[in-house]
Amino acid sequence: MPPPPRTPRPPRTPGAPGRPPIPRRRGPAPARRARRRPRWGMRMATALSVVVLAAGGIGHAVVTGLDTGITRVDPFKDMKNRPQAGTGMNVLVVGTDGRDRITAEEKKKYRLGGAPCHCTDTVLLVHISEDRERASVVSLPRDSYAELPEHTDQNSGEKHRAHPVKLNAAYAEGGPALTVRTVEAMTRVKIDHYLEVDFTSFMRTVDAVGGVQICTTKPVRDSYTGLRLAAGTHELDGGQALQYVRSRHIDGAADIGRMQRQQKFLAALVDRLTSGGVLFNPVRFREVATTLLGSVRADEEFGTDQLLALAKAMRGFTPASSEFVSVPIGDMDFPVKGIGSTVKWDAEKAQKLFAALREDRALASRPEPAAERKAKAVVVDVAPRTIRVQVYNGTRIDGLGRKVDDALRGTGFDTTRTPMTGAGGERKRTVVEYDPRWDRSAKSLAAALPGAELKPVPGRGGTLRVTVGADYDGVTAVRAETAPVRGPFEAVTGDQVVCP
């Protein structure tokens, strides 16, 4: 049967009550003893689904009792000197790495061997706006440089002074409470709720909603996860979705590329949930919600009342209502003694991003006409803004090096802005010299310089060299597959990354 018609929202009038407020956490609730259950890392899509599934106006009778399957933790116990609460609701979503619940067949099929690290593999800060019309998802790299506050190790009982770690180690040393404390210290955003989702829930939930649709402009292969996708549109089941969001060896972007794929997948799941009838079909809703919540750990006050408050407020939620961004990075390879290579945030840009969350401001803006014209640019594999380029003028034309540098920068490449004169006489052909480790970046750069010759030079490093020849005929605009980037935080809305 078709879903019942939705009751139109009455117009607001002066003095009329607004939307129902989101119930807020009033303080630490009595802790229950949480049974130890293994968790796994790539479940970002299922966690936000808790919020989205509640957005369909499902009645209290259907929602009541769903939270009984949630294992409870108290991540806010004895916390002091917390950030001041902002506007809206903030949920910290983590996925932890634990693999002993999966079957031997699943381990083999989806390449899930190895020992669990008992640390967070995915960390998301999800902000629900006060008007309940927007969900902002900020990805925090698991290898982010972090400083743990003083704490007691949950395993050894040993007391530790403040010390530097990678962000994903906070959970290993102090569990949910230390993870919340660390994230709050790094972002100055007060966390209202905590969600920790089991990997099995990820696969089962995707299957319960009928799979999700993913598009790719090129073949995708990852020998570590076993993912193999041809260029085009694909319907992924739970296991394939797991491979997709886990893959980090597809390209040189590693964890950054994986976070972008996770964001793209999450937008696709929101699209399926909001357009596939799940939210308005009580039977399917309860099936999907039960599958999801059966392997979730959450704080004591995230339950039926919160789901119902969100359900009443978030009618009409669509992929366009969601926005996704990764925390701005200043140094992708920041060495720390005793820890190794970490990801260092761009402090100034990151704090502006988190200030926007505290102030309940949108992170992504709608495309301007110029941005719409840019959408017609050639699609490349690597975002131009991540490609460092040094331009050399290999001709006798004065000022050509500056002209090419400006043109490449105009289409997004990170040029040095100091073009130089090439040696060895006049070049007939434009050449792109690159370290073989950056071959994908070189191909993206060559797409902007039609006819350019690609020349691998081992040991050149991450800066690509363009020597402009007499055949130069202008720069072609290019953009990455995930290029609908808008606003000061380079955020995208869900409708910009789902399949057309």
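## Loops, cores and cavities in a predicted model

N81 sits in the loop between strand 1 and strand 2. Helices (H or I, at least four residues) and strands (E, at least two) are DSSP runs, numbered from the N terminus. The model is predicted: local features need pLDDT of at least 70, side-chain atom pairs count only at pLDDT 80 or more, and totals for chains, interfaces and linings use all residues. Residues are numbered from 1 along each chain as its sequence is written, and side-chain values use heavy atoms, with hydrogens and water left out.

N81 has a positive phi of about 55°, although it is not a glycine. D78 lies in the loop between strand 1 (71-73) and strand 2. D78 is not a glycine either, and its phi is positive at about 60°.

**The chain overall**

The protein chain has 13 helices and 26 strands. Of its 500 residues, 53% count as buried. Buried means under 20% relative accessible area, exposed over 50%, and partly exposed in between (1.4 Å probe, protein chains only). The accessible surface of the chain comes to about 23,100 Å², and 50% of this belongs to carbon and sulfur atoms. Accessible areas come from the Shrake-Rupley method with a 1.4 Å probe; for residues, only the protein chains shown count as cover.

Contact means heavy atoms within 4.5 Å. Among contacts in the chain with a separation of 6 or more, 75% join residues 24 or more positions apart.

| Residue | Relative accessible area | Class |
|---|---|---|
| D78 | 61% | exposed |
| N81 | 76% | exposed |
| N90 | 5% | buried |
| V212 | 0% | buried |
| K337 | 87% | exposed |

K337 is in the loop between strand 16 (329-336) and strand 17 (340-345).

**Nonpolar cores**

In soluble globular proteins, nonpolar side chains tend to be buried together. A nonpolar core here is a set of buried Ala, Val, Leu, Ile, Met, Phe, Trp, Tyr and Cys residues joined through side-chain atoms within 4.5 Å. The largest core has 34 residues, and L92, V138, L140, F354 and L363 touch the most other members. Elements giving two or more residues to this core are strand 2 (89-96), strand 3 (120-128), strand 5 (145-148), helix 4 (169-187) and helix 10 (347-358). Helix 4 supplies the largest share, six residues. Another core, of 22 residues, lies apart from it; V91, V296, A298 and F324 are among its members.

**A buried asparagine**

N90 is found in strand 2. Its side chain makes a polar contact of 2.7 Å with the side chain of H127. A polar contact is a pair of N or O atoms within 3.5 Å; within protein, one must be able to donate a hydrogen and the other to accept it, and residues adjacent in sequence count only if both atoms are side-chain atoms. The N90 side chain also reaches the backbone oxygen of K190, at 3.1 Å. Leaving aside neighbours within four places in sequence, N90 is in contact with V126, H127, V189, K190, I191, D192 and H193.

V212 belongs to strand 10 (residues 212-216). Beyond neighbours within four places in sequence, V212 is in contact with V206, H234, E235, L236, F265, A268, L269 and R272. The C-alpha atoms of V212 and A241 are separated by 7.9 Å; the two residues are 29 apart along the chain.

A241 is one of the buried residues of helix 6. Helix 6 (residues 238-246) is mostly covered, with eight of its nine residues buried. Besides A241, the buried residues are G238, G239, L242, Q243, Y244, V245 and R246. At the start of helix 6, a side-chain oxygen of D237 comes to within 3.2 Å of the backbone nitrogen of G239.

**Cavities**

On a 1 Å grid over the protein atoms alone, a cavity is a set of points where a 1.4 Å probe fits but cannot get out; lining residues have an atom within 4 Å of a point. Grid points are joined across faces, edges and corners, and a volume is the space filled by probe spheres set on the points. The whole structure holds three cavities of 30 Å³ or more. Strand 3 and helix 7 (254-275) each supply at least two residues of its lining.

How values were computed. On a 1 Å grid over the protein atoms alone, a cavity is a set of points where a 1.4 Å probe fits but cannot get out, and a pocket is an open set with protein on both sides within 12 Å along at least five of seven lines; lining residues have an atom within 4 Å of a point.
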